[in-house]
Amino acid sequence: MNLPAPQFPPLLTGEVVPRHTDPFDKAVSRAIAGVDSGTIFYSQGEDTLRAALVLAPETPLEEAIQAVYVAQIGLAESLGALAPPEVPVHFQWPDRIKVNGAVCGGVRFAADVSDPKAYPNWLVIGIHVPFTMAGNEPGDNPDETCLCEEGCVDITPMSLLESWSKHTLLWLTYFLDSGFERIHTDWRPRCDTLGMQIDYPRPGLFVGLDDKGRMLLREDVMTETVSLIEFAEHL
């Protein structure tokens with residue numbers, strides 16, 4: 001059964017993929033072939049939202065990769081708008097979304113370059129958000145959750161996709177107009193591991209983000225930076 005197509009804001013277009021096709025993989029293959037920037041590939045599954053946005057950055061990768069934070073903020077704001085008001089949404093660096101303190105999906109990303117100073121021809125950012133738990137009883141994995149378990153029963157994958165596209169486009173506009181500072185200011189309070197000792201990606205105190213969006217990780221008297229680029233998927 002084909003569901004009604006989601007409505008995307010101006011500048012973004014949608015393309016549905018077959019049920020057993022990963023929208024992220026499809027987006028990457030189409031980006032390599034030269035698909036238009038602003039195309040969102042998505043699947044119509046009812047148990048999980050899977051979608052991927054193709055961008056054509058005009059900046060070096062170290063700046064362009066910060067659009068990953070934009071996609072996270074767009075997802076958090078979408079859930080904030082659609083979910084019951086008492087449901088908190090946070091981030092876990094570099095790529096997890098948390099609802100009520102448990103992981104509930106996340107983002108993934110890839111580009112055609114890995115050198116921070118290189119200019120990518122394309123950047124693909126994918127999101128996945130589970131609506132139901134696949135094959136597990138609630139409570140089997142207390143660190144993971146799904147939207148239905150958190151009282152978000154009135155949200156559908158397509159309504160969340162529509163909302164994500166609108167909020168992400170808005171924040172991409174802010175990013176292009178104002179740079180990373182505004183993104184950093186909004187992202188920071190949504191990260192529940194900021195200021196805490198963490199084990200991943202390396203042990204240390206998560207101090208914050210620098211002006212390139214890199215994690216500042218302090219261990220003893222040393223502070224190192226960890227870039228999102230390290231977590232991009234290799235083609």
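Helix axes are lines fitted to C-alpha atoms over the stretch in contact, and the angle between two axes runs from 0 to 180 degrees between N-to-C directions. In this predicted model, helix H3 (residues 67–82) and helix H4 (residues 157–178) pack at an angle of about 135°, their axes lying 8 Å apart. The structure also holds one cavity of 30 Å³ or more, and its largest pocket has a volume of about 480 Å³.

**Packing of H3 and H4**

- The crossing in which H3 passes H4 is right-handed.
- On the H3 side, the contact is made by Ala67, Val70, Ala71, Ile73, Gly74, Leu75, Glu77, Ser78, Leu79, Ala81 and Leu82.
- H4 contributes Ser159, Leu160, Ser163, Trp164, His167, Thr168, Trp171, Leu172 and Phe175 to this contact.
- Sorted by class, the contact between H3 and H4 comprises 13 nonpolar, six polar and one charged residues.

**The largest cavity**

- A volume of about 60 Å³ is found for the largest cavity.
- Its lining consists of Asp22, Pro23, Phe24, Arg50, Ala51, Arg108, Gly126, Ile127 and His128.
- At least two lining residues come from each of helix H1 (23–33), strand S3 (48–55) and strand S7 (123–130).
- S7 gives the most to the lining of the largest cavity, with three residues.
- By class, four of the residues lining the largest cavity are nonpolar, two are polar and three are charged.

**The largest pocket**

- The largest pocket is lined by 23 residues, and those nearest its centre are Leu55, Pro57, Leu172, Phe175 and Leu176.
- Helix H2 (61–64) and H4 are the elements that give two or more residues to this lining.
- H4 gives the most, with five residues.
- The lining of the largest pocket has 13 nonpolar, six polar and four charged residues.
- Leu172 and Phe175 of H4 take part in the contact with H3 and also lie among the residues nearest the centre of the largest pocket.

**The second largest pocket**

- The second largest pocket holds about 260 Å³ of space.
- Of the 14 residues that line the second largest pocket, Gly105, Pro130, Met133, Glu144 and Thr145 lie nearest its centre.
- S3, strand S6 (102–111) and S7 are the elements that supply two or more residues to the lining of the second largest pocket.
- Six nonpolar, six polar and two charged residues make up the lining of the second largest pocket.

Definitions and conventions
Residues numbered from 1 in each chain as written. Predicted model: local features only at pLDDT ≥ 70, side-chain atom pairs only at ≥ 80, totals over all residues. Heavy atoms only, no water. Helix = DSSP H or I, 4+ residues; strand = E, 2+ residues; numbered from the N terminus. Left-handed = near helix turned anticlockwise from the far one by under 90°. Contact = heavy atoms within 4.5 Å. Nonpolar A, V, L, I, M, F, W, Y, C, P; charged D, E, K, R; others polar. 1 Å grid on protein atoms, 1.4 Å probe; cavity = no way out; pocket = protein on both sides within 12 Å on 5 of 7 lines; lining within 4 Å. Points joined across faces, edges and corners; volume = space filled by probe spheres on them.
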